[in-house]
Amino acid sequence: MSSTSSQQLDIDLGPTGRPMPQFPEPAPLDSHGPARIISMVNQKGGVGKTTSVINLGAALAELGRKVLLVDLDPQGALSAGTGINPYELDVTVYNLLMERGHDVREVIQQTSTPDLDVLPANIDLSAAEVTLVNEVAREMALARVLRPVADQYDVIIIDCQPSLGLLTINALAASHGVMIPLEAEYFALRGVALLVETIEKVQDRINPRLEVDGILLTMFDPRTLHAREVCQRVVEAFPDKVFHTAINRTVKFPDASVAAEPIITFASSNKGAGSYRQLARELIARGAAA
């Protein structure tokens with residue numbers, strides 16, 4: 001065998017079929033803030049948005065970053081998944097969006113994970129889309145809510161509902177970056193073009209600083225030809241935007257959700273926990289997080 005062939009065999013191809021870079025452990029921070037705000041967006045449900053927000057947030061916190069997770073889905077799955085019962089709360093993100101006189105600092109909840117906080121939501125938020133339509137600067141309501149605490153965190157991650165409605169537009173208007181979780185499945189791939197078109201409209205009309213931080217392949221099963229083909233098509237369409245890290249399927253994710261804690265702490269040695277730790281390092285290495 002030639003030396004060239006030997007070198008080719010030594011290359012570590014990652015789950016996306018590309019050479020896998022090494023993402024080093026980032027240096028600790030001397031101070032915190034201002035936050036980079038990232039929206040986790042896909043108008044298709046069931047693609048791992050909330051799971052990714054919780055576990056990426058926990059992995060960033062494990063690296064010494066102060067992280068705020070914002071629940072912008074009326075289902076309140078993010079809140080419940082971090083051990084908060086949103087239906088016991090008198091004030092949530094809905095009240096902050098729709099009413100004056102509330103202090104966002106008093107609404108933010110601490111989680112059992114150090115340096116990981118949550119701004120909770122519940123079913124009340126479902127009324128916000130209708131009510132916000134009549135508000136002045138309705139697309140900027142969430143940006144106004146987050147402004148007082150942006151300097152206290154290194155990363156703020158917004159869990160958006162599975163739609164491209166006014167709440168999602170608010171998230172994009174408040175954000176520096178967008179992460180698109182994408183199930184490695186053909187029908188999930190079809191909606192990406194519409195989502196990218198919406199992001200470009202927000203860039204043009206509301207928030208010119210907004211950029212796509214990356215597409216994250218989720219529920220990935222490298223054993224199936226279909227998943228590998230979808231992955232290849234995504235990389236061909238968005239060569240510089242697909243994260244090298246992919247999140248494989250594992251039964252530990254729903255188990256962690258039932259336990260209301262991140263997989264980082266629920267099953268620390270699980271491959272899924274390792275994937276989100278790698279994603280956190282990759283995000284920082286890309287400059288998309290402090």
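Glu211 and Arg36 form a salt bridge, with their closest N and O atoms 3.1 Å apart. The term means a side-chain nitrogen of Lys or Arg within 4 Å of a carboxyl oxygen of Asp or Glu. Glu211 lies in strand β7 (residues 211-220) and Arg36 in strand β1 (residues 36-40), so the pair ties together parts that are 175 residues apart in sequence. Strands (E, at least two residues) and helices (H or I, at least four) are DSSP runs, numbered from the N terminus.

This is a predicted model: local features need pLDDT of at least 70, side-chain atom pairs count only at pLDDT 80 or more, and totals for chains, interfaces and linings use all residues. Residues are numbered from 1 along each chain as its sequence is written, and side-chain values use heavy atoms, leaving out hydrogens and water.

Arg36 is buried at 15%. Asp213 is buried at 6%. Glu211 is partly exposed at 40%.

Another salt bridge lies within a helix. Lys201 pairs with Glu197, the closest N and O atoms being 3.6 Å apart. Both belong to helix α10 (residues 192-205); four residues apart, they are separated by about one helical turn. Lys201 is partly exposed at 38% relative accessibility, and Glu197 is partly exposed at 40%. The structure holds nine salt bridges.

Notes
Buried means under 20% relative accessible area, exposed over 50%, partly exposed in between (1.4 Å probe, protein chains only).
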